[in-house]
Amino acid sequence: MEKQGLLPLICGALALLSISLVNAENPYRFYTWTVTYGTISPLGVPQQVILINGQFPGPKLEVVTNDNIILNLINKLDEPFLLTWNGIKQRKNSWQDGVLGTNCAIPPNSNYTYSFQTKDQIGSFAYFPSTQFHKAAGGFGALNVYQRPRIPIPYPVQDGDFTLLVGDWYKTSHKSLQESLDAGRSLPLPDGVLINGQTHSTFTGNQGKTYMFRISNVGLSTSLNFRIQGHKMKLVEVEGSHTLQNLYDSLDVHVGQSLSVLVTLDQAPKDYYIVASTRFSRTVLTATAVLHYSNSNSPVSGPLPAGPTIEVDWSVKQARTFRWNLTANAARPNPQGSFHYGKIIPTKTIVLATSAPLINGKQRYAINRVSYVNSDTPLKLADYFNIPGVFSVDSLQSLPSDGPAFIATSVLPTALHDFVEIVFQNNEHTMQSFHLDGYDFWVVGYGYGQWSQASRNSYNLVDALTRHTAQVYPNSWTAILVSLDNQGMWNLRSAIWERQYLGQQFYLRVWTQTQSLANEYNIPSNAMLCGKAMGRHL
C-alpha cells in the first residue's frame, strides 16, 4: 500500500518540476474574468456599460514577452460576446484571435478559455469587444507587454508607468447605437472624450523623475491629439516598435493606435493639465486629467495647452517623423534594422479603395465594392472542416474596379511567406484607420490624391516603423509592406467601428499546402463550434 501511495506523489512532484522548469523560461499567467453589465455615468448621465470583474475600463493585463496567457472569460451578458487582443500577433494561432471570423461568440452564461502567447512582442496594446456594437459600452482595457530582463531597451528604465486609455464616447446606449446602424443610419458625432473611462483623473509623480505614458486610442471613430501642459514628450515606442526618440509638444493618436512616451517631471512643483482633444471634427471635444507633482501645493491653472484641430498637413508631417530605431532591438536581441524590408521585391500589390455606398437603401461601407457580412460559421472553422458556402474567395478583388457595391463574406487568398504591398486608397472626405490582425507592417508612405506606381518613389524603404494600425487621411493613400509569415485567417478591418460594423472589413487567408505545427497550431481542444460546424469532431 505504501508503494502504491508513493507513485502518485512521485508523478505529482515530477509534474510540478516540469511546470516550474517551463515557467522559468516562459511563464504561464492565469486569469478569470467575468463580463457583466453595470450602470455608471461617464459623461454625467447614467448608462449601461460593460464591466469586466466589475471594472470600467477592464483589468490591466501586464505581462512579459513570451508569457503564456490562460484567460477564462465568463459571459454574463444577455448577448454572445468575444474579446480581441488588438496588436497581439497570435503567432501560428489565429484560433485565439477573438473575432467572428475565427471564433464562435461565447453564449450568455457560458465561458471560453483563451490560450495565447505574447510571442516576441513588447509594447503598449489594448483589448476590446469584437462582437455586435459592444465596444461602444466599454469592455476594453490595457495590455502592456514588458521586455524580458536580459533584453536591453534603448532608454533608461523609467521610474514608473501610467496607462491612458483615451477615446470618444456616446451617452446613448450601445444597443440604441446598433439599432441606428442596423436601420441604415450613420451615427452622429460622439458626446465627449474619456481618459480611463472618466472625464477627470489624476496621475501623481515625483519631481525630477521620468515616467512612461502608455497611450491607446480605444474610441469608436475619432482621432485624438494628446499633450501635457509645460512638458515635452519623448516618443520611444509605437505598437511594439522602438522609435527614433524625437521630442513632441503634442501627438496625434488615431483610432486603434497605441504609443509610449517618456515624460520627465522637470518643471516647477505644481499641477499640470493633461489634454486629449478630437481631431478633424466640426466640434472639438476635450477631456482633461491632471499631472500632479507629489510635492505640489498648487492646483492646475492657466488655459489648456492648445493643440491642432483640423490641420491635415500638420498630422501628415508628424506621421512622417515616426521612424524605426534601426540599432535598437525589440523583443529579441537582434537589431530591428537587421531586417532590410526595403530590399525585398513584393510578390503582390493589393490596392484597397474604400467607399460608403447605399445598399438596399441602407448605409453600408465597402472595400473594393464589397461590403462584408459575418457568417454564422467562423471562417476559420469552415476552412478547417472544409465546409462549403460559408465564404467567398472570388468576391473581393485585389485592385479596385467600377460597378455597384454588393454584400459578401469576403476572403482574400494569399500564400504563406508572400511579401505584400498594400495600399489603402481613401476616396472620401473623412479620416480613416485600418488594422490587420496577426501582423505588424511597415508604413512606408502617405500621399494625397490617387496612388500610382510612381508613388513608390516617395516610400521610406530604410527606417519606416512597424505597427498594426495605420491612419489614412481624407482623399489620400497610405502604403504598407507586410511579410505574410503567420499562417491563419486574419481580419483586416476599419478601426472606425461604425465602418467595421457595416462592412468595411474582410479576411486574409494566409495559407500553404504544407501542413505543419511549425506553421500553425492545431485547433484547440476547447474550441467552440457553431453554425455549420456544430456537431463536427475536433
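The tour goes from a disulfide to the cores, then to a helix and a strand.

**Before you start.** This is a predicted model, in which local features need pLDDT of at least 70 and side-chain atom pairs count only at pLDDT 80 or more, while totals for chains, interfaces and linings use all residues. Residues are numbered from 1 along each chain as its sequence is written, and side-chain values use heavy atoms, with hydrogens and water left out.

**Stop 1: the disulfide.** Select Cys104 and Cys530. A disulfide joins them, S to S 2.1 Å. The term covers a pair of cysteine sulfur atoms within 2.5 Å. A search of the whole structure finds one. The link of Cys104 and Cys530 is left-handed, with -95° about the S-S bond. What does it tie together? Cys104 lies in the loop between strand 5 (83-86) and strand 6 (110-117), and Cys530 in the segment after strand 35 (505-511), so the pair connects parts 426 residues apart in sequence. Strands (E, at least two residues) and helices (H or I, at least four) are DSSP runs, numbered from the N terminus. Both Cys104 and Cys530 are buried, meaning under 20% relative accessible area with a 1.4 Å probe, protein chains only.

**Stop 2: the cores.** Select Leu164, Phe213, Val261 and Ile274. They have the most contacts inside the largest nonpolar core, which has 45 residues. Such a core is a set of buried Ala, Val, Leu, Ile, Met, Phe, Trp, Tyr and Cys residues joined through side-chain atoms within 4.5 Å. Strand 20 (residues 286-293) gives the largest share of this core, four residues. A second, separate core of 44 residues includes Val35, Trp95, Cys530 and Ala533.

Now centre on Val261. Beyond its neighbours within four places in sequence, Val261 is in contact with residues including Tyr211, Phe213, Met233 and Leu251. Contact means heavy atoms within 4.5 Å.

**Stop 3: helix 3.** Select residues 312-320. Ser315, Val316, Gln318 and Ala319 are buried here. The buried residues of helix 3 fall within an arc of 165° seen down its axis, so they line one face. The arc is taken from the directions from the helix axis to the C-beta atoms. Their cover includes strand 16 (247-248), strand 17 (250-253), strand 30 and strand 32 (469-472).

**Stop 4: strand 30.** Select residues 441-448. Seven of the eight residues of strand 30 are buried. Which strands pair with strand 30? Strand 33 (residues 476-483) does, antiparallel over six bridges; there Thr478 is the bridge partner of Tyr446. Strand 31 (residues 466-467) also pairs with strand 30, antiparallel over two bridges. Trp442 stands opposite Thr466 in strand 31. Pairing requires at least two DSSP bridges between the strands.

Methods. Buried means under 20% relative accessible area, exposed over 50%, partly exposed in between (1.4 Å probe, protein chains only).
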